[in-house]
Amino acid sequence: MTIAAPSQLLHKANVRGNVEFVDPASAPAPPSGDRRPSPVAARFDLWSADYESSILQDAFYTRLHHHALHLATHANPAPRRLLDLGCGTGRLLRAAAARFPQADLVGVDISAGMLDRARAMSAGRRCPTYLLADAARLPVADRSVDIVTCTATSHHWPEPEGPLAQLRRVTADDGVLILAHLPGIAPWDLKPAAGARRQSVRTGTSRLTALLGDAGFRITKAALYSECPVMPTTVVLCARPDSAPRPRGVIRLLRSGTDATRS
């Protein structure tokens, strides 16, 4: 994938799985013909101007991003392509640019306002490709991403099945998904998986773990991130496509700042 001017170009995956560039003005309208942002996108558009000034950026997000990128480095120290779903103002990708200087970096977000801020904050430095898209309709080619990150975003999904199916589709067969999830917040996460009793958030489990398996992922590492006292305990999961080779050893649930022996 060639990195092009992100403010002018949009990715589009064709039926063969290749990636094309198209002018956003020529992109087809949604089926309803309504180009207005969704309620979630509109909310983040309003937040975008002041989003980076939030005290939570340094107290929570930057540290969580560091943790996710540490896991990413352990899983693949030299990825060809990294995609951050729900990239917001691009904070994780700016850190990833220093950690993975040779990788193509792609950010996807549903908020045009957040992406405008991300591009502005990347001006004068290596700029990722930023794409305006819904998590359930990723304009990215099949199996084209070595590392996918998604941090503190999944609780905003109206339904998880579509985004998880897309994440499985774009993740390379030997790739890894690093998903940091705030459990027990989304309405769909308050319901136990079919045939199971409600699971405790404190144990680091949630309905999302079962849904990852249904989507074709196998969890290889799990940790609890709780370094910010004003935010809920975050479940950080590393998952690989279920077609990837299975490592020896067991999966242990770890606390913040610790690392598992297997990835």
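How many residues does the largest nonpolar core have, and which have the most contacts inside it? The model is predicted, so local features need pLDDT of at least 70 and side-chain atom pairs pLDDT 80 or more, while totals for chains, interfaces and linings use all residues. Residues are numbered from 1 along each chain as its sequence is written, and side-chain values use heavy atoms, without hydrogens and water.

The largest nonpolar core has 34 residues. Phe-60, Leu-82, Phe-100 and Ile-178 have the most contacts inside it. A nonpolar core is a set of buried Ala, Val, Leu, Ile, Met, Phe, Trp, Tyr and Cys residues joined through side-chain atoms within 4.5 Å; buried means under 20% relative accessible area (1.4 Å probe, protein chains only). At least two residues each come from α2 (56-75), α3 (91-99), α4 (112-121), β7 (171-181) and β9 (234-241). Helices (H or I, at least four residues) and strands (E, at least two) are DSSP runs, numbered from the N terminus. α2 gives the most, with eight residues. Another core, of 29 residues, lies apart from this one and includes Leu-138 and Leu-224.

In α4, the buried residues are Gly-113, Met-114, Leu-115 and Ala-118. Their cover includes α1 (39-47), β4 (104-109) and β5 (129-132), with contact meaning heavy atoms within 4.5 Å.

α1 and α4 pack with axes 7 Å apart, at an angle of about 40 degrees. Axes are lines fitted to C-alpha atoms over the stretch in contact, and angles run from 0 to 180 degrees between N-to-C directions. Phe-44, Asp-45 and Trp-47 of α1 meet Ala-112, Gly-113 and Met-114 of α4.

Key. Buried means under 20% relative accessible area, exposed over 50%, partly exposed in between (1.4 Å probe, protein chains only).
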